[in-house]
Amino acid sequence: MATTEPTHEHREEAEEAAGADDEDTGAQVAPIVRLEEVAVSTGEENEDPVIDLKAKLYRFDKDGNQWKERGAGTVKLLKHKETGKVRLVMRQSKTLKICANHLVLPTMTVQEHAGNEKSCVWHAPDFADGELKDELFCLRFASIENCKSFMEMFQEVAESQKKEENEDGATAAGLLEKLSVEDKKSEERSEEKAEDKTKEGDGNKEKAEDEDAEKKDESASA
């Protein structure tokens, strides 16, 4: 009776054939498209982070008289390495879209949101949408500690900006005073030069008159 099962020899041949198919030939396939590394600029390269915390941002909708979520992500206070100016920047965690972007000004104050120790509110002229808009923001943190840390740092930065503004004002006033003194000295020197020229002109005139008088005397004598 014939059997349908493969013999031992046939099984070995089949296994060898399968092994040959799986064998690595060492050939390398070049990619069809070569991708080049592209440097991505965030606009934060010249700034140092003062604080960096996770939070959820809301803005107050005046027309609807209600809070609307702006996004959840990381809120940062960034200090510029050259100017010393500090701005608040917040990006959505998934899309990295900017949902808040404004300078921290000396006149700004942040306070706890009524009835919630994990939230704080403040007013700011924001530039997240490409144009300045006066916004009322609210940040909600995961803990009371994070909220307090943010509020303390925000107020500290605002105070420091006020101090720098006063120093800049004093420096500007000093420069103006110096310029005024220099202008006054220049005016005095100009007046002195004008007086010298007037005296010189008067002297030349007197000399010319004396010469004319001498010539007349000589003519009369002749």
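**Ground rules.** Since the model is predicted, local features need pLDDT of at least 70 and side-chain atom pairs count only at pLDDT 80 or more, while totals for chains, interfaces and linings use all residues. I number residues from 1 along each chain as its sequence is written, and side-chain values use heavy atoms, with hydrogens and water left out.

**Cysteines.** I went looking for disulfides, meaning pairs of cysteine sulfur atoms within 2.5 Å. The count by that rule is 0.

**Salt bridges.** My rule here is a side-chain nitrogen of Lys or Arg within 4 Å of a carboxyl oxygen of Asp or Glu. That gives 7 salt bridges, and I wrote up some of them. For elements I use DSSP runs numbered from the N terminus: helices are H or I with at least four residues, strands are E with at least two.

Lys76 pairs with Glu44, with 3.4 Å between the closest N and O atoms. Lys76 is in strand β2 and Glu44 in the loop between α1 and β1, so this pair ties together parts 32 residues apart in sequence. Lys76 is partly exposed at 22% relative accessibility, whereas Glu44 is buried at 13%.

Next I looked at Glu135 and Arg59, whose side chains meet in a salt bridge at 3.2 Å, N to O. Glu135 belongs to strand β7 (residues 133–140) and Arg59 to strand β1, so the pair ties together parts that are 76 residues apart in sequence. Glu135 counts as buried at 5%; Arg59 is partly exposed at 23%.

Then I took Arg70 with Asp129, where the closest N and O atoms are 3.1 Å apart. Arg70 sits in strand β2 and Asp129 in the loop between β6 (119–126) and β7, so parts 59 residues apart in sequence are tied together. Arg70 is buried at 15%, and Asp129 is partly exposed at 47%.

**Surface patch.** Which residues make the nonpolar surface patch? I get Ile32, Val33 and Leu35, covering about 430 Å². Patch residues have over 30% relative accessible area and no salt bridge; like charges are joined within 9 Å, nonpolar side chains (Val, Leu, Ile, Met, Phe, Trp, Tyr) within 5 Å. Areas are Shrake-Rupley with a 1.4 Å probe, and for residues only the protein chains shown count as cover. I placed Val33 in the loop between α1 (8–22) and β1 (47–61), and Val33 is exposed at 58%.

**Positive phi.** Most residues other than glycine have a negative phi, so I noted two exceptions here. Asn65 has a phi near 55 degrees. Asn65 is in the loop between β1 and β2 (66–80) and is exposed at 58% relative accessibility. Leu96 has a phi near 65 degrees. I find Leu96 in the loop between β3 (86–92) and β4 (98–103), exposed at 52%.

How values were computed. Buried < 20%, exposed > 50% of the residue type's maximum accessible area, 1.4 Å probe, protein only.
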